[in-house]
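The questions below concern spaces and helix packing in one protein model. Each answer sets a value against its definition.

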Amino acid sequence: MKNIFKKIVVLCVALLFAQNLAADEQKDLKNRFLDKINEVILIVEDKRFSKDERNRNIVKALTPMFDFELMAKLSLGNAWRELKKDDQERFIELYVERMKQSYSAKIDAYEDEKVEVKNIEQPQSNRIALTTDLVSKSEKLEIVYKYHKPSSKQADKDEWLIYDVEILGVSILKTDRAQFKEFLQTKSIYELMDALVKQS
C-alpha cells in the first residue's frame, strides 16, 4: 500500500513539474512574441527608412521566428518526396521569397493596428497555438500563430518556430497546399516553380 502511495505522490510531483515547465515555456514564448511585435512596430514607425529598407529590416527581424523550410515542404504534400534534392532546395528558396513578399505587402497596409495576445494553448509538448487579435480602429481580426519545437535547435532560429498562421480560421499553409495541389493536377512542379519566380 505504501509503495502505491509513493508512486502516486511521485506521479503527481512529475505532473506538476511538467505543467510548470509548460507554463514557463508558454510565458517565454508569449513575451518573445510581443517583444518581436514591438521591434517590428518601431521599424515601421521609423521614418528614416525607405520602404525597401523598412521591409528588409522587418523580414530580417521576423525570419528567426518562422520555419519557412517546413512550411515549404508541407505546402507540397506528397509531391515534395518526388523532387530531387536540388529541386527541393530550389523550391524552398522560392517559397521563402514568396512568403517574404507577402509579409512585405501586408506591412504596406499597416495603419497603427495593435496586437493583443488572447489565448495560448499547448496541445502537445512540442506544439503551441498563440491566439491574438489584430485591433484597428474599425475591427478586430483574430490571428492564430501555430508553433512547433524542433527536436534540435536550428542555427539562427528561435527555439519555437511558427509553421502556420490562421487568419479568421483560414490556414495559410492549407490554402497554399490546396492551390499547389490544384496547379499540379494539370502542370508540372517545374511549371509551379516558374510561376513562383514570376510572383517574386
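Q: How many cavities of 30 Å³ or more does the count come to?
A: The count comes to 1 cavity of 30 Å³ or more. A cavity is a set of points on a 1 Å grid over the protein atoms alone where a 1.4 Å probe fits but cannot get out. The model is predicted, so local features need pLDDT of at least 70 and side-chain atom pairs count only at pLDDT 80 or more, whereas totals for chains, interfaces and linings use all residues. Residues are numbered from 1 along each chain as its sequence is written, and side-chain values use heavy atoms, with hydrogens and water left out.

Q: What volume does the largest cavity have, and which residues line the largest cavity?
A: The largest cavity holds about 40 Å³ of space, a volume being the space filled by probe spheres set on the grid points, which are joined across faces, edges and corners. Its lining consists of Val59, Leu62, Thr63, Phe66, Phe68, Lys100 and Tyr103; a lining residue has an atom within 4 Å of a point. The elements α2 and α4 each give two or more residues to this lining.

Q: What is the volume of the largest pocket, and what lines the largest pocket?
A: The largest pocket has a volume of about 640 Å³. A pocket is an open set of points with protein on both sides within 12 Å along at least five of seven lines. Its lining has 24 residues, and Tyr103, Lys106, Leu134, Ile143 and Tyr145 lie nearest the centre. Helix α1 provides the largest share of that lining, 5 residues. By class, the lining has 21 nonpolar, 1 polar and 2 charged residues.

Q: Why is α2 called oblique to α4?
A: Helices α2 (residues 51-62) and α4 (residues 85-108) pack at about 120°, with axes 10 Å apart. Angles under 35 degrees count as roughly parallel, over 145 as roughly antiparallel, 65 to 115 as roughly perpendicular and the rest as oblique. The pair is therefore oblique. The contact (heavy atoms within 4.5 Å) involves Lys51, Arg54, Asn55, Ile58 and Val59 of α2 and Lys100, Ser104, Ile107 and Asp108 of α4. These residues divide into 3 nonpolar, 2 polar and 4 charged.

Q: What makes α3 and α5 oblique to each other?
A: Helix α3 (residues 68-76) and helix α5 (residues 172-184) pack at about 45°, with their axes 7 Å apart, and α3 and α5 are therefore oblique. In the contact, Met71, Leu74, Ser75 and Leu76 of α3 meet Leu173, Asp176, Arg177, Phe180 and Leu184 of α5. By class, the contact has 6 nonpolar, 1 polar and 2 charged residues.

Q: Why is α5 called oblique to α6?
A: The axes of α5 and helix α6 (residues 189-199) come within 9 Å and cross at roughly 125°. That angle makes α5 oblique to α6. Phe180, Phe183 and Leu184 of α5 meet Ile189, Glu191, Leu192, Ala195 and Leu196 of α6. This contact has 7 nonpolar, no polar and 1 charged residues.

Notes. Axes are lines fitted to C-alpha atoms, for helices over the stretch in contact, and angles run from 0 to 180 degrees between N-to-C directions. Helices (H or I, at least four residues) and strands (E, at least two) are DSSP runs, numbered from the N terminus. Ala, Val, Leu, Ile, Met, Phe, Trp, Tyr, Cys and Pro count as nonpolar, Asp, Glu, Lys and Arg as charged, and the others, Gly among them, as polar.
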